[in-house]
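Dear colleague,

Please find the structure below, handed over for your review. My findings follow directly after it.

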Amino acid sequence: MIETRTDTIALTDGTQLRLTVAEPENVVRGGIVVLHEDKGVTERIRIILAALAEEGWLTVAPHLYHGEGSETSESETAEPWVAERVRGLSGESVLADTDAAFVWLADRGVSGEHQGIMGFDIGGTAALVVAASRRLGAAVTVGGGGIVTPLSVGLPPLVEIAEEVSCPWLGMYGEMDSHIPPEEIDKLRSAASGAGVITDVVRYSRADHRFDTDPESAEEAWRRARNWFDLHLR
């Protein structure tokens with residue numbers, strides 16, 4: 001398995017941003033920005049980065065939570081700082097961090113049409129915000145909340161921006177997700193259908209928020225996401 005590493009880069013406002021990255025051992029097919037779940041860049045996210053790199057994608061995960069206390073282990077429950085950091089996210093901060101990650105990819109020879117984004121949980125929400133605001137090759141959202149009611153005052157409801165998506169976008173949700181009612185997923189699908197690009201919203205009847213309840217659904221969703229990038233970033 002390819003190993004990940006964490007770098008620190010300087011942003012234009014004088015602050016620093018941590019990036020966890022994984023590089024293919026051979027030819028680079030393109031680049032994917034991976035946006036982490038609510039707990040930060042966990043071991044689960046590092047495994048995903050490494051797996052994508054195994055398939056030839058140069059992968060980079062910006063740490064959306066700045067400062068100390070920005071990660072937890074898979075076994076830990078969400079600490080109070082997690083909810084606080086989620087509430088503190090804004091579209092402006094998300095776009096600034098992902099722009100830096102896209103520049104990092106471009107500096108390594110990955111052009112815009114070969115750049116994609118994939119996010120989980122709060123990162124899935126952020127991925128759709130980015131796909132509605134920037135031009136890139138493809139985007140994937142897994143379990144992104146804030147569909148009707150925003151996750152924070154700085155983020156828009158996803159139903160209000162889905163029609164603005166400018167690249168092929170795939171959304172995947174578990175119907176057993178206690179945080180996201182199925183009817184909200186349907187509203188998101190309807191909103192995204194008005195975009196002038198290919199969109200698809202898939203519901204998994206046996207999956208929960210993180211697809212832990214049904215390994216078969218998790219495997220199918222993972223395969224679908226990889227196929228999405230294979231199709232649209234080539």
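The lining of the second largest pocket comprises six nonpolar, six polar and four charged residues; here Ala, Val, Leu, Ile, Met, Phe, Trp, Tyr, Cys and Pro count as nonpolar, Asp, Glu, Lys and Arg as charged, and the others, Gly among them, as polar. Of its 16 lining residues, Asp-121, Gly-145, Leu-151, His-179 and His-209 are the closest to its centre. A pocket is found on a 1 Å grid over the protein atoms alone, as an open set of points where a 1.4 Å probe fits, with protein on both sides within 12 Å along at least five of seven lines; lining residues have an atom within 4 Å of a point. Grid points are joined across faces, edges and corners, and the volume is the space filled by probe spheres set on the points.

Please note that this is a predicted model, in which local features need pLDDT of at least 70 and side-chain atom pairs count only at pLDDT 80 or more, while totals for chains, interfaces and linings use all residues. Residues are numbered from 1 along each chain as its sequence is written, and side-chain values use heavy atoms, with hydrogens and water left out.

The largest pocket has a volume of about 400 Å³. Its lining consists of 18 residues, and Arg-44, Ile-48, Phe-120, Arg-210 and Phe-211 lie nearest the centre. Twelve residues of this lining are nonpolar, one is polar and five are charged. At least two lining residues come from each of α1 (43-54), β5 (115-120) and α7 (215-232); helices (H or I, at least four residues) and strands (E, at least two) are DSSP runs, numbered from the N terminus.

Turning to the strands, β2 (residues 16-22) has five of its seven residues buried, that is, under 20% relative accessible area with a 1.4 Å probe, protein chains only. Strand β1 (residues 5-10) runs antiparallel to β2 and is joined to it by six bridges; two strands pair if DSSP finds at least two bridges between them. Asp-7 stands opposite Leu-19 in β2. Five residues separate β1 and β2 in their hairpin, and Gly-14 in the turn has a positive phi of about 90°. Strand β4 (residues 57-62) is also antiparallel to β2, with four bridges, and its Ala-61 is the bridge partner of Thr-20.

Finally, Leu-188 lies in helix α6 (residues 182-192) and is buried, with a relative accessible area of 0%.

Yours sincerely

Note on methods. Buried < 20%, exposed > 50% of the residue type's maximum accessible area, 1.4 Å probe, protein only.
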